[in-house]
Amino acid sequence: MHRTVPPSPEAPTPQDHWIHHPRGRLFARSWTPAAALAGRPASPIVLLHHSLGCVELWRDFPTALAVATGRRVVAYDRLGFGRSDARPDRPSIDFVAQEATGYFPAVREQLALERFVALGHSVGGGMAIHCAVAFGDACEALVTVAAQVFAEERTLEGIRAAREQFRDPAQVQRLARYHGERTAWVLDAWIGNWLHPRFADWHLLDVLPQVRCPALALHGDQDEYGSTRHPTLIGERCGGPARVEILAQTGDLPHRERSKRVLRLVADFLAQHAPARGAE
């Protein structure tokens, strides 16, 4: 059973935003805790969701993260996902890098994210890595949660198994609660790209050395979509200081399965490596 930390009385009220992009609007939501409003500025945390994800599927993690860190937290739906506008085409094979260069700049500019912390889950972790490289002077820290950095056979096996599970209309209907009429597109964007023969050679091994900010890689030892080789590579290859935490008896959703532990690890990491301006 997945448990997340219940919101405290200080839980911030979420605020919704619409990001304008030439290809369509992106939906975003932000949570600003009292500490961030009280004159203790610290870089906001930007969340990048997984392949079937959206703002709503982060559930109460953004609220708990904002309270735990005292930072503004921002999450957005990638184009075609959640409440963002639909897109007719499947993302290209280079979609992980393109998110950082083609869509995230609009989010950053329109929400005035001069400096930020990038936090990504699963494929969103790869996108966060690209954001840290593309905006090296502005990205103060990187956090990956169950991220993949190459097309591992274990990952592909998990996706093949999920493809069979989604032949069940009930599974599709559950996902449709978050993506509506674009649910079939969301599934194709995930399964079609990851299982495409050209994607077999995808990796971030040449990108990781370009990450100069401090990095924290969190990964469950029972993750069905990726072995611990992924966080190990992040720790070994990042160009800046990197910390790896393997969470025992944890699958692909550490921020739900081990929420208290994840929140503490992230809060302590950011307090050490990306403190509020003016703080000691």
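This is a predicted model: local features need pLDDT of at least 70, side-chain atom pairs count only at pLDDT 80 or more; totals for chains, interfaces and linings use all residues.

Mentor: Happy to! Residues are numbered from 1 along each chain as its sequence is written, and side-chain values use heavy atoms, with hydrogens and water left out.

Helices (H or I, at least four residues) and strands (E, at least two) are DSSP runs, numbered from the N terminus. Helix α3 covers residues 95–110 and helix α4 residues 123–134; their axes come within 8 Å and cross at roughly 55°. That makes α3 oblique to α4, because angles under 35 degrees count as roughly parallel, over 145 as roughly antiparallel, 65 to 115 as roughly perpendicular and the rest as oblique. Axes are lines fitted to C-alpha atoms, for helices over the stretch in contact, and angles run from 0 to 180 degrees between N-to-C directions.

Which residues of α3 and α4 make the contact? On α3 they are Phe95, Val96, Ala97, Glu99, Ala100 and Phe104, and on α4 Val123, Gly126, Met127, His130 and Cys131. Contact means heavy atoms within 4.5 Å. By class, eight of these residues are nonpolar, two polar and one charged. Here Ala, Val, Leu, Ile, Met, Phe, Trp, Tyr, Cys and Pro count as nonpolar, Asp, Glu, Lys and Arg as charged, and the others, Gly among them, as polar.

Now look at what lies around this part. There is an open sheet of eight strands with mixed pairing, in the order β1-β2-β4-β3-β5-β6-β7-β8; two strands pair if DSSP finds at least two bridges between them. Strands β3 (residues 45–48) and β5 (residues 116–121) run parallel, joined by four bridges, and Ile45 stands opposite Val117 in β5. Our helix α4 packs on this sheet, where α4 touches β3, β5 and β6 (139–145), and the direction of α4 makes about 155° with that of β5.

Lastly, how confident is the predictor? pLDDT is its confidence in each residue, from 0 to 100. The chain has a mean pLDDT of 94, with 94% of its residues at 70 or more.

Terms used
pLDDT is the predictor's confidence in each residue, from 0 to 100.
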